[in-house]
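Dear colleague,

Please read them with the coordinates open beside you.

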Amino acid sequence: DEDLALLTGEGGDGEDGKVETALPVLAIVGRPNVGKSTLVNRILGRREAVVEDKPGVTRDRVSYPAEWSGTRFTLVDTGGWEIDVAGIDARVAEQAEVAIALADAVVFVVDATVGSTDTDEQVVRLLRRSGKPVVLCANKVDGPAAEADAAALWGLGLGEPHPVSALHGRGTGDLLDAILDALPEVSAHGVLRPQGPRRVALVGRPNVGKSSLLNKVAGTERVVVDDVAGTTRDPVDELIELKGVPWVFVDTAGIRRRVHQTQGADFYASLRTQAAIEKAEVAVVLLDASEPMTEQDTRVVQQVIDAGRALVIAYNKWDLMDEDRRPYLEREIEKELVQVTWAPRVNISAKTGWHAERLVPALERSLESWDTRISTGRLNAFLGELVAAHPHPVRGGKQPRILFATQASTRPPRFVVFTTGFLDPGYRRYIERRLRETFGFEGTPITISVRVRE
Ligand code: GDP
Ligand code: GDP
């Protein structure tokens, strides 16, 4: 639960009438060995954790909660992202691109003792194109003698180089002050912002039909060129009007470009997916109806749940479905999608456009659930009935009592139940099941956390 809150960077307390905000996201990018992980550890106030990660071991975690001078933000740590030595330039750029897409501001780390390299220049071009605020960190300035090396980095054209020794802590306070100046107060991803067009991500494994669907949708409907008021838009996103309503399709540049498949592309595909999901409010997970489901498919579904986004499952390539496969598909749905029985499913063909019009109503349903707030009164009336009908089992002579519950936030709905003791996992699941039976929540994950009052 805690991780979930951190990933979505929930700021507000979500009381009725208050605006919930997303914490700003800071990404740290740079070549290998410039000191990114050391800097991350310095900012997070920990020592070896990240640097000692074995090379080649990819961590699934991409963001961490950070704080400076009382300001909280989410830190995207690329230091542990695997980079192999072959084709290192392409990899650094690719890595930076994903990190930049995730972020509201970027710290670009350069090893001042080495100076800028061709790879650095490549990243600088990406940074410029992104239009995002950049703080230039001239690292490994361990003493005054190296200050001149830092000054030489003015030449990158990214403004003032901040001389830092991530290793010893020298200059990191000033760097963090500059970071706070660069960070917006609220994430531009606006995940938890109620205004502007809804943001949707098309995700799924390669060749499942994402770009076909995007083309189909953008082809028949109007692509809105001018900006809609209240939208912060990344150049990689597209504003597409569907039945008169604008939607932001996030990270479409990657989909359209058909990102080249390098070795270890799975890992980057997974990061891209993560980036897209985090920027979106609702994700359409495309599955290939004509082929057996793969582990990669279930992983994408899980990523959406873990990120706390609304979900629609689209079975694509329905035109290729033959009757022989039908029973297998049904069994797969029962087995592999059992944790998302609540998600609306649409069967479509991105190729022919068959049933493509069913997508928007499904998106709207999921988003409505995602936004739903159950009043504290209704929630406690519901819980009262639930407990009366089916009390918590007695364990070791004790029976935890449910005192009170409240919905701590929407987007997605999160509930906090106050009790006198820990609840059985089975009983929690029972509460969740009854919550869904009673209030619907079609298309949205929900979470229940328990606070034990002594
Ligand atoms: P990353 O690959 O960019 O994440 O780089 P690391 O954080 O793993 O650092 C690479 C190497 O540079 C390690 O041996 C660090 O101890 C060293 N290093 C990092 N920051 C500094 C610094 O400010 N000064 C010096 N002298 N060494 C540093
Ligand atoms: P992406 O990698 O997820 O963007 O997948 P693409 O959109 O590039 O599609 C991969 C391949 O599947 C292409 O050859 C498409 O023409 C094909 N394809 C996509 N959607 C459908 C569909 O609904 N039916 C059929 N028969 N083929 C499809």
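Of the 454 residues of the protein chain, 41% count as buried, and please keep in mind throughout that this is a predicted model. The chain has 14 helices and 16 strands. Among its contacts with a separation of 6 or more, 73% are between residues 24 or more positions apart.

In soluble globular proteins, nonpolar side chains tend to be buried together. Here the largest nonpolar core has 94 residues, and those with the most contacts inside it are Leu-26, Ala-27, Phe-108, Cys-137 and Val-285. The element that gives the most to this core is helix H3 (residues 88-102), with seven residues. Another core, of five residues, lies apart from the largest one, and includes Ile-402, Ala-405, Phe-415 and Val-417. As for Cys-137, once its neighbours within four places in sequence are left aside, its contacts are Leu-39, Val-107, Phe-108, Val-109, Val-110, His-162, Val-164 and Leu-175.

Helix H12 (residues 359-371) can be looked at in a similar way. Its 13 residues, at 1.5 Å a residue, should span 18 Å, and this agrees with its end C-alpha atoms, which are 18 Å apart. Buried in H12 are Leu-359, Ala-362, Leu-363, Ser-366, Leu-367, Ser-369 and Trp-370. Because these residues cover an arc of only 160 degrees around the axis, they are on the same side of H12. What covers them includes strand E7 (198-203), strand E11 (282-288), strand E12 (310-316) and strand E13 (345-347).

Finally, there is an open sheet of three strands, with the order E14-E15-E16 and mixed pairing. Strand E14 (402-409) and strand E16 (447-452) stand at the edges and have a single partner strand each, so one side of each is left without a neighbour in the sheet. On average, and with direction ignored, neighbouring strands of this sheet are turned by 25 degrees against each other. Strand E15 (residues 414-419) and E16 run parallel and are joined by six bridges; Val-416, for one, has Ser-449 in E16 as its bridge partner.

With kind regards

How values were computed:
Residues numbered from 1 in each chain as written. Chains lettered and ligands numbered in written order. Predicted model: local features only at pLDDT ≥ 70, side-chain atom pairs only at ≥ 80, totals over all residues. Core = buried A, V, L, I, M, F, W, Y, C linked by C-beta atoms within 7 Å. Buried ≥ 20, exposed ≤ 12 C-beta atoms within 10 Å, placed from the backbone. Helix = DSSP H or I, 4+ residues; strand = E, 2+ residues; numbered from the N terminus. Contact = placed C-beta atoms within 7 Å. Expected span 1.5 Å × (residues − 1). Arc of directions from axis to C-beta. Pairing = 2+ DSSP bridges. Axes fitted to C-alpha atoms, helices over the stretch in contact; angles between N-to-C directions.
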